[in-house]
Amino acid sequence: LKAELHLDWLKGTKGGVKRVLFLDTQQPQHTGLLRLGQTHPRACLSYMIYLKEEDEFRDKLTPIALTLNYSLALPSPDQTLPPVLNEYSSTFLQEHAYILLDCGDDNICIPDLQLSASMDRSELVIGDDNLVMLTITAVNQGEGAYETELYTLIPPEADYIGVERRVEARTHNKGHNS
């Protein structure tokens, strides 16, 4: 049998970043041959795969789909009667693996995000160049808060300059992204 293994298959169909790869080839797919027969009715192929570094992808919630698609390999010249596949059995198999997220026994993350905000000044002068720094603090008291986003509405009269991030605040409670 010719066996084709695909890692993180759903991410490939949606154009996403593959989160797992085969260790030896650094690729998300691998093709191998399984030789079966009367004296050898079962066979096993083993591969080492790895999960990419945490900062290389955002999606930790979607399961990793592992697929196997198999077909008959080309028969050898000495075979007078080549094998056939059972037409009623599936040649496509799929399993799912989940990334452990420290989200309890149910693997459902229920975060408890607390937001607070403060400004570096209490008064603004109309017509003056007022630089205002808005500091927003997010604290998570619950389970992991993955793929969390913060949206802010800036008044049309204000000129937006940019965002400053404090990295040490994010790494303080690893696994509970805030």
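## Salt bridges

A salt bridge is counted here when a side-chain nitrogen of Lys or Arg lies within 4 Å of a carboxyl oxygen of Asp or Glu. The model is predicted, so local features need pLDDT of at least 70 and side-chain atom pairs pLDDT 80 or more, while totals for chains, interfaces and linings use all residues. Residues are numbered from 1 along each chain as its sequence is written, and side-chain values use heavy atoms, with hydrogens and water left out.

The whole structure holds 4 salt bridges. In one of them, Asp59 pairs with Lys11, and their closest N and O atoms are 2.6 Å apart. Asp59 belongs to the loop between β4 (49-51) and β5 (64-71) and Lys11 to helix α1 (residues 9-13), so the pair ties together parts that are 48 residues apart in sequence. Helices (H or I, at least four residues) and strands (E, at least two) are DSSP runs, numbered from the N terminus.

Arg19 lies in the loop between α1 and β2 (20-22), 40 residues from Asp59. Asp59 counts as buried at 11% relative accessibility, and Arg19 counts as buried at 1%; buried means under 20% relative accessible area, exposed over 50%, and partly exposed in between (1.4 Å probe, protein chains only).

Another salt bridge joins the side chains of Arg58 and Glu149 (3.8 Å, N to O). Arg58 is in the loop between β4 and β5, whereas Glu149 is in the loop between β8 and α2 (167-172), 91 residues apart. Glu149 is partly exposed, with a relative accessible area of 49%. Through shared partners, salt bridges join Asp8, Lys11, Arg19 and Asp59 into one network.

## The sheet

An open sheet is formed by 4 antiparallel strands in the order β3-β1-β5-β6; two strands pair if DSSP finds at least two bridges between them. β3 (29-33) and β6 (92-97) stand at the edges with a single partner strand each, so one side of each has no neighbour in the sheet. Strand β1 (residues 2-7) is joined to β3 by 5 bridges, and Leu5 has His30 in β3 as its bridge partner.

## A residue between strands

Val132 is found in the loop between β7 and β8. With 38% relative accessibility, Val132 counts as partly exposed.
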